[in-house]
Amino acid sequence: MKKIYEKYIKRCITLAKKAGGNTLPNPLVGCVIVKNDKIIGEGYHKKFGFPHAEVEAINSSRESVKGATLFVNLEPCSHYGKTPPCVDLIISKKIKKVVIGMQDPNPLVAGKGIEKLKNAGIEVVTGILEDKCKELNEVFIKNIIKKKTFISLKLAATLDGKIAEPSGYSKWITNEKSRKYVHKLRLFCDGILVGAETIRKDNPNLNVRKNNKIIKELKKIILTNSFNLDENFNIFKDADNLYFLTQSNKIPKKFLKYNILKFKNFIEIPELLYKNNIFNILVEGGNKISYSFIKSNIIDKFYFFYSNKIMGGKDTISMINGNDFFPLKKPFTINIKYLKKLDNNFLVIGYNDLSL
C-alpha cells in the first residue's frame with residue numbers, strides 16, 4: 001500500500017505546485033480523491049482566500065465521494081479562516097479514508113484535523129513522503145513557526161566564480177535555460193531583493209516573465225542607504241509594490257511616498273519583511289549584498305548557477321565579496337541537496353540549516 005500512497009501524494013505535490021506563490025501566506029496544497037482504484041476528483045489551492053484543495057477536489061469529482069480515499073499533502077484544516085474547516089466537509093461527504101503527507105505546523109491545526117477525522121470514524125494514514133511535503137512547504141513552515149520571511153539567495157557565475165567584467169558588464173554569464181529557471185524560482189516568491197547599484201546598472205523590471213510576457217508582478221525590495229535613484233527607472237512604474245530597505249535615517253522627501261523599511265542590523269531583515277506581509281523573497285543582489293546576507297546568517301536556501309565559461313583576470317568581479325572571510329577551520333557551509341544540469345550550465349541547490 002505504501003507505494004500506492006506515495007504515488008497519489010506525489011500527484012498532490014505536483015498539483016500544489018501549480019499555484020506558484022499565489023497562495024502566500026497560505027501553504028501549497030494539492031488533493032486527490034480515489035475510488036475503486038481510479039482518480040475521481042482532484043484539485044489544488046489556487047490562491048490565498050480561494051477554496052482549499054480538498055474543496056476543489058470534492059467539487060471536481062465525477063461521482064459520489066462516499067467511501068472514497070482522499071489524499072492530501074498537508075493535514076486538512078480544522079479551524080475557520082478565510083474558508084470553513086475542510087475536515088467538516090470531508091466528514092459530511094462520508095469519505096472513508098484520508099491519507100496525509102505531513103501534519104500542519106500551524107498551532108491552530110497541528111494534529112487537531114487528524115484527531116477530528118479519527119473521532120468521526122475515518123481511517124487516517126499520516127507521514128507519507130513527509131520530507132518531500134515539508135520541502136514543498138518550507139516557506140510556510142518558517143513563516144508559521146518563526147514568524148520570519150523565507151530568504152533564498154541566487155547567484156550566477158562562471159566556473160571560476162566570476163559574475164562580471166571589471167566594468168560590471170555581465171550579459172550573459174549563464175545560458176537561456178538557466179535564466180528561464182530563475183523565472184520559475186521567482187514564480188514561487190512574493191518579493192525580490194536587489195541593491196540600488198543593480199537598478200542603476202541594469203534597470204531591471206524585477207517581475208516574472210514567460211516568453212517575454214509578464215505573468216506576475218513581485219514586491220520589489222531595493223536595499224539602499226544613498227537613495228541615489230532616478231524615478232525614471234523601471235521599478236518605479238510599479239509604485240505600489242516598491243519597497244526601500246535602508247539603514248539610513250535621512251530619507252529623501254520624494255521617496256517617502258513609497259514603502260520604507262528601516263533596519264539597524266541585517267539579522268532584523270527576516271522579521272521586518274514578515275511583519276510587512278512579505279513571506280518569501282529571492283535575493284538577486286551583487287557580491288557585497290550576497291556577502292552581507294551570508295555573513296548575517298539569514299539565508300535559508302541557496303541557488304548557485306554556474307556556466308561553462310572561465311573569465312579569469314585579477315580585476316573581474318567575484319561572486320561574493322566582503323571585508324573579511326570565513327577561515328577554512330571555521331567555514332560557512334551549505335547543506336547541498338540537489339545538483340541540476342541545465343545544458344552546459346549546472347545549478348547547485350543547498351540549505352543553511354543554521355539560518356536565523
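## Reading salt bridges in a predicted model

D88 and K116 are joined by a salt bridge whose closest N and O atoms are 2.7 Å apart.

User: What counts as a salt bridge, and how many are there by this rule?

Analyst: A salt bridge is a side-chain nitrogen of Lys or Arg within 4 Å of a carboxyl oxygen of Asp or Glu. By this rule the count is 19 salt bridges. This is a predicted model, where local features need pLDDT of at least 70, side-chain atom pairs count only at pLDDT 80 or more, and totals for chains, interfaces and linings use all residues. Residues are numbered from 1 along each chain as its sequence is written, and side-chain values use heavy atoms, leaving out hydrogens and water.

User: Which parts does the pair of D88 and K116 tie together?

Analyst: Helices (H or I, at least four residues) and strands (E, at least two) are DSSP runs, numbered from the N terminus. D88 sits in helix α3 (residues 86–92) and K116 in helix α4 (residues 112–119), so the pair ties together parts 28 residues apart in sequence.

User: And how far apart in helix α5 are E130 and K134?

Analyst: E130 and K134 meet in a salt bridge at 3.6 Å, N to O. They are four residues apart in helix α5 (residues 130–136), about one helical turn.

User: Is K142 buried or exposed?

Analyst: Buried means under 20% relative accessible area, exposed over 50%, and partly exposed in between (1.4 Å probe, protein chains only). K142 is buried at 7%, and D300 is buried at 5%. Their salt bridge has its closest N and O atoms 2.9 Å apart.
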